[in-house]
Amino acid sequence: MNGRVDYFVTEEEINLTRGPSGLGFNIVGGTDQQYVSNDSGIYVSRIKENGAAALDGRLQEGDKILSVNGRDLRNLLHQDAVDLFRNAGYAVSLRVQHRLQVQNGPIGHRSEGEPSGIPIALVLVPVFALTMVAAWAFMRYRQQL
């Protein structure tokens, strides 16, 4: 492995309705407390169980929030970003960047609990066939003696 990690980046507009416990997530980052090296963006650090974000299901921990109600979050102090979220109103529109790690190598579909690797039938069938051919060849050789 070369140590390089590849990412697939997507953006999405997420509309949340503020609930009894707010928007239902915590943030980190800002120009005064970078969460990601060389990036002063605002990131989701925690999704609160049964909060507005958890019930919607699209916002994930680690997502970068690009804007709130059209207001760009670049170059903000952490507290300014917190204040922007708190004062965003009842219906809040978030522009979010999802960053998905790309798997190196082929992608296979497995269900939970299914072992990885080669299915046993793909190994046993050729082994059985080779055994049969070897037995047939041995029998023919013995008949000629």
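**Reading the labels on a predicted model**

Trainee: Why is lysine 64 called buried?
Mentor: Lysine 64 has a relative accessible area of 17%. Buried means under 20%, exposed means over 50%, and partly exposed lies in between (1.4 Å probe, protein chains only). Since 17% is under 20%, lysine 64 is buried. This is a predicted model, in which local features need pLDDT of at least 70 and side-chain atom pairs count only at pLDDT 80 or more, while totals for chains, interfaces and linings use all residues. Residues are numbered from 1 along each chain as its sequence is written, and side-chain values use heavy atoms, with hydrogens and water left out.

Trainee: How do you know that lysine 64 and aspartate 39 form a salt bridge?
Mentor: The N to O distance between their side chains is 3.1 Å. A salt bridge needs a side-chain nitrogen of Lys or Arg within 4 Å of a carboxyl oxygen of Asp or Glu, so this pair qualifies. Lysine 64 is in strand E4 and aspartate 39 is in the loop between strand E2 (25-29) and strand E3 (42-47), so the bridge ties together parts that are 25 residues apart in sequence. Strands are DSSP runs of at least two residues and helices (H or I) of at least four, numbered from the N terminus. Aspartate 39, at 17% relative accessibility, also counts as buried.

Trainee: How many salt bridges does the structure hold?
Mentor: There are six. One of them joins arginine 58 to aspartate 56, with the closest N and O atoms 2.9 Å apart. Another joins arginine 74 to aspartate 72, at 2.7 Å. Glu11, Glu13 and Arg95 are linked in a network of salt bridges.

Trainee: Why is the pair of phenylalanine 25 and phenylalanine 85 given its label?
Mentor: The ring centres are 5.6 Å apart and the planes stand at 90°. Rings of Phe, Tyr and Trp (its six-membered ring) pair if their centres lie within 6.5 Å; planes under 30 degrees apart count as stacked, over 60 as edge-to-face and the rest as tilted. An angle of 90° is over 60, so this pair is edge-to-face. Phenylalanine 25 lies in strand E2 and phenylalanine 85 in helix H2, so the pair ties together parts that are 60 residues apart in sequence. Both are buried: phenylalanine 25 at 10% and phenylalanine 85 at 8%.

Trainee: What makes the pair of tyrosine 35 and tyrosine 43 tilted?
Mentor: Its planes are at 45° and its centres 5.6 Å apart. Tyrosine 43 is buried, at 7%. The whole structure has two aromatic pairs.

Trainee: Which residues touch the most other members of the largest nonpolar core?
Mentor: They are Phe25, Leu59, Ile65, Val68, Phe85 and Leu94, out of 22 residues in that core. A nonpolar core is a set of buried Ala, Val, Leu, Ile, Met, Phe, Trp, Tyr and Cys residues joined through side-chain atoms within 4.5 Å. Strand E1 (7-17), E2, E3, E4, helix H2 (78-86) and E6 each supply at least two residues of the core. H2 gives the largest share, four residues. Leaving aside neighbours within four places in sequence, phenylalanine 85 is in contact (heavy atoms within 4.5 Å) with residues including Phe25, Ile65, Val68 and Leu94.

Trainee: Is serine 40 buried or exposed?
Mentor: Serine 40 has 18% relative accessibility. That is under 20%, so serine 40 is buried. Its place is in the loop between E2 and E3. Beyond four places in sequence, serine 40 is in contact with Gly30, Thr31, Gln34 and Asn75.

Trainee: How do you know that glycine 70 is exposed?
Mentor: Its relative accessibility is 66%, which is over 50%, so exposed is the word. Glycine 70 is found in the loop between strand E4 (64-68) and strand E5 (71-72).
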